[in-house]
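Hello,

Here is the structure I promised to pass on to you. Have a look at it first, and my notes follow below.

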Amino acid sequence: MEQTLTEISAAALAEVASASTHPEIDAVRVRYLGKTGEISKISEGMRDVSKEDRPRFGKLLNEVRTAVQSAIDAKVADLQAQADAEGFRNIDVTLPGTPTPEGRLHPVTLLENRVIDVLRRMGFALADGPDIEDEWHCFDALNTPADHPARNEQDTFYLPDGRLLRTQTSTVQVRVMRNEPPPIRIIAPGACYRRDEVDATHLAQFNQLEGLYVDTDVSLADMKSTIEQLVHETFGADTELRFRPHFFPFTEPSYEIDIRLEALGGKWMELAGCGMVDPAVFENINTARGDRAFDPEKVSGFAFGFGIDRLAMILAALPDIRLLTENDVRFLAQFQA
């Protein structure tokens, strides 16, 4: 058996050395190391070797197998290196490389970053929350009655387990108040979802940015001055704005905010909704917290929110809001950071 192993080893190594292609080296591997290969047959015959000789022959068998496998691996690596060298032979390294275009920030991201930067300088901190919510955080806590149209399945994406895709980022305000006592001053940008028919001015998924400020003695004047500062720093000092009385279930009094820019033809454009936090919202938060941290007799606050996508569309004079979601690099390349 010892002589047989020596002869097999010499033959295998010789065939490996003479192989010049991957199929040839693979045939050598199968012939000697395959299930029915020469070395495998010797391995099966070890059961017939006496106990005294088995350790010596077993060691020799392992050495032969390892030597053949190592030679095959080295040959495969050598063949691959030759193939790589052949592939690179006709490459002219002196030619200029293929230019890699630089990426640009999305217009929605550009506008969102601008607004966040202004509000952070006014002391607002960023807050975040889940896109998948429950009805309490999305509606009940915000004083939205059970028969409100927004809670209808025709307007809201409900999941089989009763949860839903949030229709507004106000859910983040609820979560922050539930977990932290006042004072609170946060902004919450993020995606929202509604069952709108997708057309030139509507998307089923869009981006909002909401703000909340709660403390002692927060007044309507504080809200108006904050929003005026935000508008003027974001869109320019010559931007006109007005507050129109409106109704929202979660604020009282409530207002719609309009702005007018000469660059947009001098027409009034709806920007956002805002208002003083309704005491009923504070009471819902107190009930959830199990304390009186948001006692409406002691604290007050204001909230505001607006859609980033629609505003970006108007500022960029886009004819169709769907351009913001199609990921066409020819369109996106127009916008600079």
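Leaving aside its neighbours within four places in sequence, which residues is threonine 239 in contact with? Please keep in mind that this is a predicted model. In the model, the contacts of threonine 239 beyond those neighbours are Val231, His232, Ile259, Arg260 and Leu261. Threonine 239 sits in the loop that joins helix H8 (220–235) to strand E6 (240–248), and it is buried, at a relative accessible area of 3%.

Another buried residue to look at is tyrosine 32, with 6% relative accessibility. Tyrosine 32 belongs to helix H2 (residues 22–33). Setting aside the neighbours within four places in sequence, its contacts are Ile8, Ala11, Ala12, Glu15, Gly37, Glu38, Ile39 and Ser40.

Next, the salt bridges. The whole structure has 16 of them. One joins glutamate 233 to arginine 121, with the closest N and O atoms 2.8 Å apart. Because glutamate 233 is in helix H8 and arginine 121 is in helix H5 (residues 107–121), this pair ties together parts that are 112 residues apart in sequence. Glutamate 233 is partly exposed, at 32% relative accessible area, while arginine 121 is exposed, at 52%. The two also belong to a network of salt bridges that links Asp117, Arg121 and Glu233.

A second salt bridge is formed by the side chains of arginine 242 and aspartate 258, at 2.9 Å from N to O. Here arginine 242 lies in strand E6 and aspartate 258 in strand E7, so the pair connects parts that are 16 residues apart in sequence. Are these two partners buried or exposed? Arginine 242 counts as partly exposed, at 33% relative accessibility, whereas aspartate 258 is buried, at a relative accessible area of 2%. Aspartate 161 and arginine 163 make a salt bridge too, at 2.8 Å from N to O, and arginine 163 is partly exposed, with a relative accessible area of 38%.

How many disulfides does a search of the whole structure find? The search finds 0. Cysteine 192 has its closest cysteine sulfur in cysteine 138, and the 8.4 Å between the two sulfurs is too far for a bond. Cysteine 274 is in no disulfide either, since the nearest cysteine sulfur, in cysteine 192, is 17 Å away. Both residues are hidden from the surface: cysteine 192 is buried, at a relative accessible area of 0%, and cysteine 274 is buried as well, at 2%.

A few backbone details are worth a look. Most residues other than glycine have a negative phi, and most peptide bonds are trans. The peptide bond from proline 182 to proline 183 is cis, with omega near 5 degrees. Proline 183 is in the loop between helix H7 (170–179) and strand E4 (184–193). Another cis bond runs from glutamate 252 to proline 253, with omega near 0 degrees, and proline 253 is part of strand E7 (residues 251–260).

As for phi, aspartate 217 has a positive value near 60 degrees. Aspartate 217 is in the loop between strand E5 (205–215) and H8, where it is exposed, at a relative accessible area of 70%. Asparagine 327 has a positive phi too, of about 55 degrees. Its place is the loop between helix H10 (308–315) and helix H11 (329–332), and it counts as exposed, at 57% relative accessibility.

Finally, the surface. Phe88, Ile91 and Val93 make up a nonpolar patch there, and together they have about 360 Å² of accessible area. Phenylalanine 88 is in helix H4 (residues 54–88) and counts as exposed, at 57% relative accessibility.

Methods: Residues are numbered from 1 along each chain as its sequence is written. This is a predicted model: local features need pLDDT of at least 70, side-chain atom pairs count only at pLDDT 80 or more; totals for chains, interfaces and linings use all residues. Side-chain values use heavy atoms; hydrogens and water are left out. Helices (H or I, at least four residues) and strands (E, at least two) are DSSP runs, numbered from the N terminus. Buried means under 20% relative accessible area, exposed over 50%, partly exposed in between (1.4 Å probe, protein chains only). Contact means heavy atoms within 4.5 Å. A disulfide is a pair of cysteine sulfur atoms within 2.5 Å. Patches are made of residues with over 30% relative accessible area and no salt bridge: like charges are joined within 9 Å, nonpolar side chains (Val, Leu, Ile, Met, Phe, Trp, Tyr) within 5 Å. Accessible areas come from the Shrake-Rupley method with a 1.4 Å probe; for residues, only the protein chains shown count as cover. A salt bridge is a side-chain nitrogen of Lys or Arg within 4 Å of a carboxyl oxygen of Asp or Glu.
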